[in-house]
Amino acid sequence: MKKHYLIVFTLSLLSLQQLVAQNNITHHYADVNGIKMHYAKAGKGDPIIILHGFPADWFEWRHVMTALEKKYTVIVPDLRGIGETQKVKKGYELENQAKDVASLIDVLGYDTVNLVGHDIGAPIAYATTELYPEKVTKVALLEFIMAGAGMEEVRKIAAPNLWFFDFQTQPELGQQLLEGKMDRYIPLFFRPYTYNPLAITDEALDHYIEAYSKEGAIESSFQHYVMQLQYAEKAKELMKTKLEVPVLALAGEFSLGNPKLGSPAEKSIKKLTNNVTYKTLKDCGHWIAEEQPEELSNELSNFFK
(Lines give C-alpha, C1' and ligand atoms only; values in the text may rest on other atoms or scores of the structure.)
Protein backbone atom coordinates (compact mmCIF):
# COMPACT_ATOMS: atom_id res chain seq x y z
CA MET A 1 0.00 0.00 0.00
CA LYS A 2 2.86 2.39 0.80
CA LYS A 3 4.19 1.94 -2.73
CA HIS A 4 0.85 3.08 -4.15
CA TYR A 5 0.93 6.18 -1.97
CA LEU A 6 4.46 6.92 -3.18
CA ILE A 7 3.42 6.61 -6.83
CA VAL A 8 0.43 8.91 -6.31
CA PHE A 9 2.60 11.44 -4.45
CA THR A 10 5.25 11.38 -7.19
CA LEU A 11 2.65 11.89 -9.92
CA SER A 12 1.08 14.73 -7.94
CA LEU A 13 4.49 16.35 -7.50
CA LEU A 14 5.19 16.10 -11.22
CA SER A 15 1.80 17.62 -12.01
CA LEU A 16 2.53 20.45 -9.59
CA GLN A 17 5.91 21.08 -11.18
CA GLN A 18 4.31 21.20 -14.63
CA LEU A 19 1.67 23.60 -13.36
CA VAL A 20 4.29 25.91 -11.84
CA ALA A 21 6.26 25.83 -15.10
CA GLN A 22 3.15 26.67 -17.11
CA ASN A 23 2.53 29.66 -14.83
CA ASN A 24 5.58 31.24 -16.48
CA ILE A 25 3.62 31.35 -19.75
CA THR A 26 1.85 34.67 -20.25
CA HIS A 27 -0.90 35.51 -22.73
CA HIS A 28 -1.18 38.55 -24.97
CA TYR A 29 -3.05 39.98 -27.95
CA ALA A 30 -1.74 41.94 -30.92
CA ASP A 31 -3.39 43.69 -33.87
CA VAL A 32 -1.86 41.84 -36.79
CA ASN A 33 -2.69 42.17 -40.49
CA GLY A 34 -6.29 43.22 -39.82
CA ILE A 35 -7.08 40.66 -37.08
CA LYS A 36 -6.61 40.41 -33.31
CA MET A 37 -4.12 37.60 -32.72
CA HIS A 38 -3.62 35.80 -29.42
CA TYR A 39 -0.17 34.52 -28.52
CA ALA A 40 1.42 32.76 -25.57
CA LYS A 41 4.89 33.82 -24.48
CA ALA A 42 7.61 32.53 -22.15
CA GLY A 43 11.30 33.06 -21.45
CA LYS A 44 14.08 35.46 -22.35
CA GLY A 45 16.64 35.42 -25.12
CA ASP A 46 16.60 35.08 -28.88
CA PRO A 47 13.02 34.84 -30.18
CA ILE A 48 11.46 31.65 -31.51
CA ILE A 49 7.98 31.84 -33.03
CA ILE A 50 6.15 28.51 -33.22
CA LEU A 51 3.08 27.78 -35.36
CA HIS A 52 0.80 24.97 -34.15
CA GLY A 53 -1.14 22.25 -35.98
CA PHE A 54 -4.80 21.24 -36.36
CA PRO A 55 -6.88 20.70 -34.26
CA ALA A 56 -4.58 22.26 -31.67
CA ASP A 57 -3.61 25.77 -30.61
CA TRP A 58 -0.78 27.28 -28.54
CA PHE A 59 -1.38 24.63 -25.82
CA GLU A 60 0.24 21.98 -28.04
CA TRP A 61 3.62 23.61 -27.28
CA ARG A 62 3.33 24.19 -23.52
CA HIS A 63 5.96 21.58 -22.58
CA VAL A 64 8.44 22.80 -25.20
CA MET A 65 7.89 26.42 -24.12
CA THR A 66 8.82 25.64 -20.53
CA ALA A 67 11.85 23.62 -21.69
CA LEU A 68 13.20 26.40 -23.92
CA GLU A 69 12.34 29.43 -21.83
CA LYS A 70 15.71 29.56 -20.05
CA LYS A 71 17.53 30.22 -23.32
CA TYR A 72 14.92 31.70 -25.65
CA THR A 73 11.88 33.92 -25.83
CA VAL A 74 9.26 31.49 -27.11
CA ILE A 75 6.13 32.88 -28.75
CA VAL A 76 3.27 30.64 -29.87
CA PRO A 77 0.37 32.42 -31.59
CA ASP A 78 -3.01 30.90 -32.26
CA LEU A 79 -3.30 30.81 -36.05
CA ARG A 80 -5.91 32.87 -37.87
CA GLY A 81 -9.41 31.70 -36.92
CA ILE A 82 -8.23 29.30 -34.18
CA GLY A 83 -8.12 29.41 -30.38
CA GLU A 84 -8.32 32.92 -28.98
CA THR A 85 -7.33 34.55 -32.27
CA GLN A 86 -10.13 36.35 -34.09
CA LYS A 87 -12.60 34.14 -35.99
CA VAL A 88 -12.79 35.34 -39.60
CA LYS A 89 -13.98 33.77 -42.85
CA LYS A 90 -11.36 35.30 -45.14
CA GLY A 91 -7.61 35.74 -45.41
CA TYR A 92 -6.47 32.09 -45.25
CA GLU A 93 -4.42 32.26 -48.44
CA LEU A 94 -0.90 31.02 -47.81
CA GLU A 95 0.74 34.35 -48.59
CA ASN A 96 -1.71 36.23 -46.33
CA GLN A 97 -1.07 33.92 -43.39
CA ALA A 98 2.64 34.43 -43.98
CA LYS A 99 1.86 38.14 -43.73
CA ASP A 100 0.13 37.44 -40.38
CA VAL A 101 3.42 36.04 -39.07
CA ALA A 102 5.58 38.76 -40.61
CA SER A 103 3.28 41.40 -39.10
CA LEU A 104 3.50 39.74 -35.69
CA ILE A 105 7.31 39.84 -35.91
CA ASP A 106 7.09 43.57 -36.62
CA VAL A 107 4.56 44.26 -33.86
CA LEU A 108 6.76 42.44 -31.34
CA GLY A 109 9.69 44.62 -32.40
CA TYR A 110 12.02 41.90 -33.69
CA ASP A 111 14.25 42.28 -36.72
CA THR A 112 14.66 38.53 -37.15
CA VAL A 113 13.33 35.38 -35.48
CA ASN A 114 13.78 31.64 -35.54
CA LEU A 115 10.63 30.00 -36.84
CA VAL A 116 8.96 26.62 -36.24
CA GLY A 117 5.88 25.17 -37.92
CA HIS A 118 4.03 21.90 -37.30
CA ASP A 119 1.23 20.34 -39.37
CA ILE A 120 -0.89 23.19 -40.82
CA GLY A 121 1.56 25.64 -39.25
CA ALA A 122 4.45 24.24 -41.31
CA PRO A 123 3.40 25.52 -44.76
CA ILE A 124 2.80 28.94 -43.20
CA ALA A 125 6.28 28.85 -41.66
CA TYR A 126 7.72 27.82 -45.03
CA ALA A 127 5.88 30.59 -46.91
CA THR A 128 6.92 33.19 -44.31
CA THR A 129 10.55 32.18 -44.75
CA GLU A 130 10.29 32.23 -48.54
CA LEU A 131 8.43 35.55 -48.78
CA TYR A 132 10.18 37.35 -45.89
CA PRO A 133 13.68 35.83 -45.80
CA GLU A 134 15.10 38.93 -44.13
CA LYS A 135 12.94 38.20 -41.05
CA VAL A 136 13.83 34.52 -40.51
CA THR A 137 17.23 33.29 -39.31
CA LYS A 138 16.46 29.55 -39.32
CA VAL A 139 13.29 27.51 -39.75
CA ALA A 140 12.20 24.10 -38.43
CA LEU A 141 9.40 22.27 -40.23
CA LEU A 142 7.72 19.38 -38.38
CA GLU A 143 5.53 16.66 -39.86
CA PHE A 144 5.45 18.64 -43.08
CA ILE A 145 4.71 17.58 -46.63
CA MET A 146 3.88 20.50 -48.91
CA ALA A 147 0.77 20.52 -51.06
CA GLY A 148 2.08 20.65 -54.62
CA ALA A 149 5.37 19.07 -53.55
CA GLY A 150 4.45 15.57 -52.43
CA MET A 151 1.20 15.84 -50.48
CA GLU A 152 -0.73 14.29 -53.36
CA GLU A 153 1.44 11.15 -53.18
CA VAL A 154 0.97 10.94 -49.42
CA ARG A 155 -2.80 11.18 -49.71
CA LYS A 156 -2.69 8.06 -51.87
CA ILE A 157 -0.40 6.15 -49.50
CA ALA A 158 -2.23 7.09 -46.30
CA ALA A 159 -5.75 7.61 -47.64
CA PRO A 160 -7.56 5.85 -44.74
CA ASN A 161 -5.70 8.00 -42.22
CA LEU A 162 -6.44 11.24 -44.09
CA TRP A 163 -10.20 10.75 -44.37
CA PHE A 164 -10.88 14.25 -43.02
CA PHE A 165 -9.22 16.26 -45.82
CA ASP A 166 -12.19 16.45 -48.18
CA PHE A 167 -14.77 16.84 -45.40
CA GLN A 168 -12.94 19.80 -43.90
CA THR A 169 -13.03 21.72 -47.15
CA GLN A 170 -16.76 22.23 -46.44
CA PRO A 171 -16.91 24.66 -43.49
CA GLU A 172 -20.67 25.26 -43.52
CA LEU A 173 -21.41 21.53 -43.58
CA GLY A 174 -18.89 20.96 -40.82
CA GLN A 175 -20.55 23.65 -38.73
CA GLN A 176 -23.98 22.02 -39.19
CA LEU A 177 -22.83 18.47 -38.46
CA LEU A 178 -20.28 19.04 -35.71
CA GLU A 179 -21.66 21.89 -33.63
CA GLY A 180 -21.99 20.60 -30.07
CA LYS A 181 -20.14 17.39 -30.95
CA MET A 182 -16.48 18.40 -30.83
CA ASP A 183 -15.96 16.13 -27.82
CA ARG A 184 -16.40 13.24 -30.28
CA TYR A 185 -14.57 14.75 -33.26
CA ILE A 186 -11.42 16.23 -31.72
CA PRO A 187 -10.11 12.98 -30.11
CA LEU A 188 -10.09 11.34 -33.56
CA PHE A 189 -7.11 13.52 -34.50
CA PHE A 190 -4.86 12.85 -31.53
CA ARG A 191 -4.44 9.43 -29.95
CA PRO A 192 -4.86 7.44 -33.21
CA TYR A 193 -1.93 9.41 -34.71
CA THR A 194 0.50 8.87 -31.84
CA TYR A 195 2.99 6.12 -31.05
CA ASN A 196 1.99 6.24 -27.39
CA PRO A 197 -1.68 7.31 -27.07
CA LEU A 198 -1.21 8.12 -23.37
CA ALA A 199 1.04 11.03 -24.37
CA ILE A 200 -2.14 12.94 -25.18
CA THR A 201 -3.57 13.66 -21.76
CA ASP A 202 -7.23 14.11 -20.90
CA GLU A 203 -6.31 17.67 -19.90
CA ALA A 204 -5.00 18.35 -23.41
CA LEU A 205 -8.07 16.85 -25.08
CA ASP A 206 -10.36 18.90 -22.86
CA HIS A 207 -8.46 22.06 -23.80
CA TYR A 208 -8.69 21.41 -27.55
CA ILE A 209 -12.37 20.43 -27.35
CA GLU A 210 -13.15 23.68 -25.55
CA ALA A 211 -11.08 25.74 -28.01
CA TYR A 212 -12.79 24.29 -31.08
CA SER A 213 -16.25 24.44 -29.53
CA LYS A 214 -16.23 28.24 -29.41
CA GLU A 215 -18.67 30.10 -31.61
CA GLY A 216 -17.42 30.21 -35.21
CA ALA A 217 -14.42 27.99 -34.49
CA ILE A 218 -15.39 25.09 -36.74
CA GLU A 219 -16.15 27.21 -39.79
CA SER A 220 -13.08 29.41 -39.42
CA SER A 221 -10.61 26.58 -38.68
CA PHE A 222 -11.85 24.56 -41.65
CA GLN A 223 -10.80 27.46 -43.89
CA HIS A 224 -7.24 26.18 -43.51
CA TYR A 225 -8.29 23.09 -45.48
CA VAL A 226 -10.34 25.03 -48.03
CA MET A 227 -7.07 26.68 -49.02
CA GLN A 228 -5.18 23.42 -49.67
CA LEU A 229 -5.61 23.59 -53.45
CA GLN A 230 -4.46 27.20 -53.43
CA TYR A 231 -1.47 26.12 -51.33
CA ALA A 232 -0.44 23.70 -54.07
CA GLU A 233 -0.50 26.39 -56.75
CA LYS A 234 1.32 28.88 -54.52
CA ALA A 235 3.95 26.28 -53.61
CA LYS A 236 4.77 25.68 -57.26
CA GLU A 237 5.41 29.39 -57.60
CA LEU A 238 7.47 29.62 -54.41
CA MET A 239 9.56 26.54 -55.26
CA LYS A 240 11.08 28.39 -58.21
CA THR A 241 13.36 29.89 -55.56
CA LYS A 242 14.63 27.48 -52.90
CA LEU A 243 15.03 28.50 -49.27
CA GLU A 244 18.49 29.77 -48.43
CA VAL A 245 18.22 29.77 -44.63
CA PRO A 246 19.12 26.59 -42.71
CA VAL A 247 16.16 24.21 -42.38
CA LEU A 248 15.55 21.47 -39.82
CA ALA A 249 12.90 18.92 -40.86
CA LEU A 250 11.59 16.52 -38.23
CA ALA A 251 9.10 13.69 -38.59
CA GLY A 252 7.77 11.03 -36.25
CA GLU A 253 8.76 7.47 -37.05
CA PHE A 254 5.04 6.62 -37.11
CA SER A 255 3.88 9.79 -38.84
CA LEU A 256 0.07 9.79 -39.07
CA GLY A 257 0.25 6.20 -37.90
CA ASN A 258 2.03 5.17 -41.10
CA PRO A 259 5.82 4.50 -41.12
CA LYS A 260 5.81 4.58 -44.95
CA LEU A 261 5.49 8.38 -44.97
CA GLY A 262 9.13 9.10 -44.08
CA SER A 263 10.43 8.87 -47.64
CA PRO A 264 7.80 11.17 -49.25
CA ALA A 265 8.30 13.69 -46.44
CA GLU A 266 12.05 13.81 -47.03
CA LYS A 267 11.58 14.11 -50.80
CA SER A 268 9.08 16.93 -50.31
CA ILE A 269 11.32 19.06 -48.11
CA LYS A 270 14.26 18.66 -50.49
CA LYS A 271 12.15 20.21 -53.26
CA LEU A 272 11.97 23.38 -51.17
CA THR A 273 15.56 23.78 -50.01
CA ASN A 274 19.13 22.61 -50.54
CA ASN A 275 20.08 23.41 -46.94
CA VAL A 276 18.17 20.90 -44.84
CA THR A 277 18.86 18.55 -41.95
CA TYR A 278 16.22 15.81 -41.95
CA LYS A 279 15.64 13.63 -38.90
CA THR A 280 13.12 10.99 -37.88
CA LEU A 281 12.26 10.74 -34.18
CA LYS A 282 11.87 7.16 -32.98
CA ASP A 283 8.90 5.95 -30.97
CA CYS A 284 6.97 9.02 -32.03
CA GLY A 285 3.90 9.74 -34.11
CA HIS A 286 2.49 12.94 -35.56
CA TRP A 287 2.18 14.97 -32.34
CA ILE A 288 5.88 15.44 -31.64
CA ALA A 289 5.52 18.31 -29.16
CA GLU A 290 3.11 16.25 -27.06
CA GLU A 291 4.85 12.88 -27.43
CA GLN A 292 8.56 13.74 -27.27
CA PRO A 293 8.79 17.29 -25.84
CA GLU A 294 12.21 16.78 -24.25
CA GLU A 295 13.84 15.34 -27.37
CA LEU A 296 12.15 17.95 -29.55
CA SER A 297 13.29 20.77 -27.27
CA ASN A 298 16.88 19.50 -27.47
CA GLU A 299 16.71 19.29 -31.27
CA LEU A 300 15.37 22.84 -31.55
CA SER A 301 17.82 24.26 -29.01
CA ASN A 302 20.80 22.66 -30.76
CA PHE A 303 19.59 23.83 -34.16
CA PHE A 304 18.89 27.42 -33.18
CA LYS A 305 21.88 28.06 -30.92
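Which residue in β7 is the bridge partner of L142? It's L250. Keep in mind that you're looking at a predicted model. The two strands involved are β6 (residues 136-142) and β7 (residues 247-252), which run in the parallel sense and pair over four bridges.

Zoom out from that pair and you'll find an open sheet of eight strands with mixed pairing, ordered β1-β2-β4-β3-β5-β6-β7-β8. At the edges sit β1 (26-32) and β8 (276-281), each pairing on one side only. Ignoring direction, neighbouring strands are turned by 25° against each other on average.

Now look at the helices lying against this sheet. Helix α4 (residues 121-131) touches β3 (46-51), β5 (113-118) and β6, and its direction makes about 145° with that of β5. Helix α14 (residues 293-304) packs on the sheet too, touching β3, β4 (72-77), β5, β6, β7 and β8, with its direction at about 155° to that of β6.

Next, the nonpolar core. The largest one has 101 residues, and W61 and L300 touch the most other members. Helix α9 (residues 202-212) supplies the largest share of this core, six residues. Leaving aside neighbours within four places in sequence, W61 has contacts that include L142, L300, I50, V116 and H118.

Note on methods
Residues numbered from 1 in each chain as written. Predicted model: local features only at pLDDT ≥ 70, side-chain atom pairs only at ≥ 80, totals over all residues. Heavy atoms only, no water. Core = buried A, V, L, I, M, F, W, Y, C linked by side-chain atoms within 4.5 Å. Buried < 20%, exposed > 50% of the residue type's maximum accessible area, 1.4 Å probe, protein only. Contact = heavy atoms within 4.5 Å. Pairing = 2+ DSSP bridges. Axes fitted to C-alpha atoms, helices over the stretch in contact; angles between N-to-C directions.
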